[in-house]
Each structure stands twice: as structure tokens, then as C-alpha cells.
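Reader: I would like to go through the strand pairing in this model with you. Could you start with the terms?

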Amino acid sequence: QVQLVESGGGLVQAGGSLRLACAASIRIVGINDMGWYRQAPGKQRVLVSSITKSGITNYADSVKGRFTISRDYAKNTVYLQMNSLKPEDTAQYYCTFVGTNIWGQGTQVTVSS
């Protein structure tokens with residue numbers, strides 16, 4: 001069974017940084033797009049960033065210039081580096097193989113003002 005496990009969330013002050021990691025139980029070389037989504041309380045889950053198998057990255061307007069998605073094939077892991085965090089970035093963050101129903105359990109990011 002394919003699994004994704006997120007880690008790296010936590011409580012941080014506004015302006016701070018966190019790096020989220022998403023470890024896959026399979027090799028991610030050549031896999032479809034992988035993405036990070038987030039869901040704030042009472043809101044829908046939305047795409048934050050994605051990376052294609054050819055390395056093309058995509059970001060939501062709200063995080064452009066602050067977040068960076070990357071991957072490490074040797075570790076079968078996708079990362080989300082989050083800088084200049086804002087209180088509105090507070091949410092549960094999930095990774096997924098885009099277009100599938102395979103999701104991690106999520107990791108909570110809380111940004112205090």
C-alpha cells in the first residue's frame with residue numbers, strides 16, 4: 001500500500017520559517033506530479049504548490065516568493081520550504097500524488113502574530 005507521511009509542522013512566529021517533508025513509501029522517480037495542499041478550519045483544501053516529474057513548479061499566488069517546493073529522489077521525499085510565514089498560512093498541510101486519492105495524514109502549521 002502506497003503511503004505518504006508528512007512531517008515538519010509546528011508553531012512558529014510570523015516571519016519565521018518551517019520546512020515540511022513528505023516521505024513516500026515508493027520510489028518517486030518518474031512519478032506523476034506531487035503537490036502540497038492546505039486546509040484551514042472551515043475552509044476547503046487548496047493547492048499550495050506542485051512539482052511535475054519534469055521538475056516544473058507551480059505556486060499559489062498567496063505563497064509565491066515565500067515557499068519553495070523541491071524533491072530528493074534518493075530519499076523519495078518532497079519538501080516545502082516556507083519562509084516569511086504569515087498567520088494566514090496557518091492550516092493543516094497535506095501532500096499528495098496529484099490526481100490520485102493518495103494523501104498523507106497531514107501536518108499542522110500554526111503561525112502566531
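Author: Two strands count as paired if DSSP finds at least two bridges between them. Strands themselves are DSSP runs (E, at least two residues), numbered from the N terminus. The model is a predicted one, in which local features need pLDDT of at least 70, side-chain atom pairs count only at pLDDT 80 or more, and totals for chains, interfaces and linings use all residues. Residues are numbered from 1 along each chain as its sequence is written, and side-chain values use heavy atoms, with hydrogens and water left out.

Reader: How many bridges pair strand β9 with strand β10, and in which sense?

Author: Strand β9 (residues 91-97) pairs with strand β10 (residues 107-112) over 3 bridges, in the antiparallel sense. Ala-91 has Val-109 in β10 as its bridge partner.

Reader: What is the strand order of the open sheet of 6 strands?

Author: The order is β2-β10-β9-β4-β5-β6, and the pairing is mixed. At the edges stand β2 (10-13) and β6 (57-59); each has a single partner strand, so one side of each lacks a neighbour in the sheet. On average, neighbouring strands here are turned by 25° against each other, direction ignored; the axes behind such angles are lines fitted to C-alpha atoms.

Reader: And the open sheet of 4 strands, which order does that have?

Author: That sheet runs β1-β3-β8-β7 with antiparallel pairing. Its edge strands, β1 (4-7) and β7 (67-72), pair on one side only. The twist from one strand to the next averages 15°.

Reader: How many bridges join β3 to β8?

Author: Strand β3 (residues 18-24) is joined to β8 by 6 bridges, and the two run antiparallel. Leu-20 stands opposite Leu-80 in β8.

Reader: Changing topic: is Thr-77 buried or exposed?

Author: Thr-77 counts as buried because its relative accessibility is 6%; buried means under 20% relative accessible area with a 1.4 Å probe, protein chains only. Thr-77 lies in strand β8 (residues 77-82).

Reader: Which residues does Thr-77 touch?

Author: Leaving aside residues up to four places away in sequence, Thr-77 touches Ala-21, Cys-22, Ala-23, Ile-28, Ser-70, Arg-71 and Asp-72, where contact means heavy atoms within 4.5 Å. The Thr-77 side chain also reaches the backbone oxygen of Lys-75 at 2.8 Å.

Reader: Last one: which residues touch the most other members of the largest nonpolar core?

Author: They are Met-34, Trp-36, Phe-67, Leu-80, Met-82 and Tyr-93, out of 25 residues in that core. A nonpolar core is a set of buried Ala, Val, Leu, Ile, Met, Phe, Trp, Tyr and Cys residues joined through side-chain atoms within 4.5 Å. At least two residues of this core come from each of β3, β4 (34-39), β5 (46-51), β7, β8, β9 and β10.

How values were computed. Buried < 20%, exposed > 50% of the residue type's maximum accessible area, 1.4 Å probe, protein only. Polar contact = N/O pair within 3.5 Å; in protein donor to acceptor, adjacent residues only side chain to side chain. Axes fitted to C-alpha atoms, helices over the stretch in contact; angles between N-to-C directions.
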